[in-house]
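Hi,

Here's the structure I promised to pass along. Have a look at it first, and then read on for what turned up.

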Amino acid sequence: MLAFRPLRKRTLLTLVLTFAPLVPEVSLALPIGFGRNQGDLIYKEIQTPNFFIYHDARTPHEGQLVLESLESARPKLEEWLQVKRTEPLKVILSSTTSNPSFANFITDAVELQTLGRGGRDLAWHEYTHSSMYRHLDNIFGPAGSIIHLPWMPAWWIEGLAEAMSVSNGSDLQYGIERYYALHGNWPSYDKLHALYDGSRFSTIGYAISGAFVSYILRTYDASKLPQVMRDFYDYSMPWWWPWTFVPFNGFMPMDQALENYTGKNGPQLYEDYKAAATKYWKSQQDLAFYRWTNKGLELKPYETLPASTPGLGLPGEAITFNSTFSFQSRGDKLMFVQREGGDLFEAEVTWKNDIAQDYKRGVSLPDDALTVRLVRKNYLLFTTGEVNDNLDPKRTLWIQKGEAKVPLMTRSAYISQLFMSDDKLVWFEEFLEKNQLCWAPRQLVEKGQRLKNADIRCPLVATYPQSLNILGYRSLGENDTMTEVWLNRSEETLYGDRHQILRWSPEDGRLRDLPQNLRGKPISVAFNARDTWLALADRSHHFLRRLDKDGRCVEERDLANIVTSLHNSTSDLLMMALWQESGALLVKTNHIDAPVKPCRLHDEPTSPLIRAMHDTQKPLKELMAQADPWQNRAEASIADDQKRIASAPILGQRQGAPIKDAEDINWRGRPVFAFPWIGYDALGLSYGALTVPLMDHMQNEHVQLIALYGAESRYPDIQLSAYTTRFKTTYTLDVFRRQTWNRNYGPDSYYFDERGAEIGALRYIHSLGLSLSLSLKNAWMIPYLGDDALWDVLAKGYLREFNIGLSKSHGFHWGYLSYYLNSSIASKQFNANYDYEKTGVGINMGIPISILGQPTSQSWGASYSRVRGSRRKFLQEAYSPLRTFIPGSGGGLNEINSQLYGDPYLTNLQYGDTQGRLQFAWTTPLVADIAKLLHIVYLQRLDATAFYNYGRAWFQQIDPRFDSGTAAHGYKLDLQADVKGVKLNVGLGTGQVVGQDWEVFGLIGFDALIDQDKR
């Protein structure tokens, strides 16, 4: 199920001709995949003329929902973008992983990673990507978009998909827009070019990009969107590339396309957008905006805050917490989980001027505990987690009394909430398409008795596309005894989501419906001594609804903030967690400082594609206007929408029946791409092609061919590789003819002409946390370069070699530890020309260290390798203080150091049959967030590193002293950069081998499609 493994070939990734700028972008496409093999998973397929849907057999409703969502959106996106596919789109769903989903433009497939809950809006987001990429098809087919996409800014790539689908929810998208409009510290235009680092800013960047592109389409004629894409295609052709490098001409392909459309370039449009958004949201003064200042809490939405964010525990400033998942209210207290070094504990929030100010330490927690816990005076309930070989979750619930702890139960699900009533332990769990509320007798739990299946009841169950989530709970007293759980049951339809609030009583087991005729998407509920407060979302903002004892609306208060969660209090206080850039602002108050509003009918989060389902005949221009968050909708229009949503069938079904039955999957092969390619051999450049002539729809089986011909060497370099990830073990086959380095001697370089094949198997043994690789190579090792007289005495000829590799890594609160063992054996029992074994071991440790609030990291490592035997290759062991690139060595193109000034002692090679190395590096960011765009490269940070290496290569007979090694040390500056999620680094360093003069060197590295000469 992997989309691709890294393609392995000795090719120099310069691509100095037509494909030079493209290499980093390829990395974004191919290696993402699902990060796992198909293994034991059984897949089903649903086929229509437009789509192949491949889904886990355990999640049939998900497959049906995704198909209907895509079929419904297809005619609208084809109309809006003026594109039409010629082949059905392959859509592959992973129910066991939650990595980023991806519209793979190289393989022309959509990869949805959903944990079994791939919803309408996520499918629409990725399908919008796939549709917009059809404007970039060229002579190389869909994969040819690699020529154009490096020139398209990330804010347009993701912004256009979010403008159409609003997959994160329009309340979040415009809540984040409103936050920056009122706060004043907008992300820079350059910052919007880096959205793929997986940080908190990814969510922010997606939201701002979506709102920005939506503004462009609303402000200008959205019907001209296809022309924008066509113009971009033309301006990103290779003959325009040199013009982008001419200083001060201001030409970039996307900017020129936007100027043709709007008369303005990207930066100018962004300034217009920020000004318009700020003006609108500052005019909405009936929205209360909670925020921190050094004077306490203020609610003036039209003033701009300082750009800096508060620190932890600084006087007069609020704590900002990175997650609200672990918050628990207990009486008037608010608790959360905190780690300091190796110490994990529950902490209590302390308050000043109605905002969270600091925390104080509470109960210690086991080091392996998750944040789901229940603390009582006499015992602690907590959960631990693991996954099996199939990546399916297991959660174990423990009870701890004093120092003794025993397991109570293990559930094959994620457990996200624990409650204790008078007589029941209640929890919420979910796995794949099912989520449910379950309970077990409190008496058995407190006795520490292992729970049997017969002891567990699950009275409330939902199966996707129906979902449950906990809104909150009613409780009594300081012990926080739960008396009622409130849940939201939601259902996805093409016209929007239906929501129903349910109340479950542990006392009598009754489930009660809370009528919500005024609508709104429920987010959270909290109870205090006087009131019940319900937080909800409508199309553009969050609001609070106060309910009476029967659940009827009494009043509403509109907020400018995004409400993450509400928390109970035994007094008349309401505690709120409010989203902000650096985490969540915690507020407690006995009065909501917002104008009292009457109870009103609300709409819910929406998108232009949802609007298109309501109004199928309207063009994109009118639908964008309907979805405008800066325009209020008439109550009659909202009421019409709600009637349609109320009567709509659940997605994935037509009158209660599947829209098309799923079947067992069929193997379907297809060619993927063929590109011209440039490589580098022992004598210089080589030219040829890189192609994937065969891959199956599920992306399990993959055949790759690289064929190059040396311009100087006249050498035909060919590698044919095939692999399958259909099973738990990955099986590989490589057939090759290649140049293989056999060391340098005097003025000559010695190379083999290696011709042969290698079969391999790779397996991650989950129970041991161990990676295992095995391979067997059969090859003719024919002399190619070097002195013939010396070749006469060197080992050569037919070689049978067996290879084994083991590696393991551990993550700890203090850092990580990894180690490996590799061995290659060519014994005389199977070889007439060789008799040797090569073994290598290594260990590496990483330790993050904060110094005066500055994050730094240390790396410690040691390695040892040796070759023994009576008939060995000329190249046995080679050592150099710093790594450099040697064609045919299998070294790769990451962390390449090149000499710039001085004698090259740092990269000088020592030879022997044994080598050892000790190494240390200490890295600190000099500039932690550069956030500047240089051409199409986003500059992230500048690191400074001090390094020290000690080691040498030697021959066994010498038996050297430990102090006879080569010591090297130095310093380097390393600029970290990004192009569409591909990491680049370039730097400059100085160092010396002790006893020699100082040298200056350059360094470069990047993640890429091709791992240069990796063998």
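Below is a run through the overall fold, followed by a few residues I picked out.

One thing to keep in mind from the start: this is a predicted model.

**The whole chain**

The protein has 1015 residues, and its radius of gyration is 31 Å, which agrees with the value near 31 Å that a compact globule of that length would have. Along the principal axes, the C-alpha trace spans about 100 × 70 × 60 Å. In secondary structure terms you're looking at 58 strands and 15 helices.

If you take the contacts with a separation of 6 or more, 61% of them come from residues 24 or more positions apart. The accessible surface is about 41200 Å², and carbon and sulfur atoms own 54% of that.

On charges, there are 107 positive and 113 negative ones, and their mean positions sit 3 Å apart.

**An aromatic pair**

The count of aromatic pairs comes to 46. One of them is Trp486 with Phe527, an edge-to-face pair with 5.3 Å centre to centre and 75° between the planes. Trp486 belongs to strand β23 (residues 481-493) and Phe527 to strand β26 (residues 521-527), so this pair ties together parts that lie 41 residues apart in sequence. Both Trp486 and Phe527 are buried.

**Gln466**

You'll find Gln466 in strand β22 (residues 466-476). Is Gln466 buried or exposed? The cut-off for buried is under 20% relative accessible area, and Gln466 has 18%, so Gln466 counts as buried. Leaving out residues up to four places away in sequence, Gln466 touches Arg117, Val461, Arg489, Ser490 and Glu491.

**Leu136**

Leu136 is in a loop, the one between α3 (120-133) and α4 (154-165).

If you want a sense of distance across the model, take Leu136 and Tyr836: they are 700 residues apart in sequence, and C-alpha to C-alpha they are 53 Å apart in space.

That's what I have for now.

Cheers

Note on methods. Residues numbered from 1 in each chain as written. Predicted model: local features only at pLDDT ≥ 70, side-chain atom pairs only at ≥ 80, totals over all residues. Heavy atoms only, no water. Helix = DSSP H or I, 4+ residues; strand = E, 2+ residues; numbered from the N terminus. Rg over C-alpha atoms; globule rule 2.2 N^0.38 Å. Contact = heavy atoms within 4.5 Å. Areas by Shrake-Rupley, 256 points an atom, 1.4 Å probe, with all protein chains shown as cover. Lys, Arg positive; Asp, Glu negative; His and termini not counted. Charge placed at Lys NZ, Arg CZ, Asp CG, Glu CD. Phe/Tyr/Trp six-rings, centres within 6.5 Å; stacked < 30°, edge-to-face > 60°. Buried < 20%, exposed > 50% of the residue type's maximum accessible area, 1.4 Å probe, protein only.
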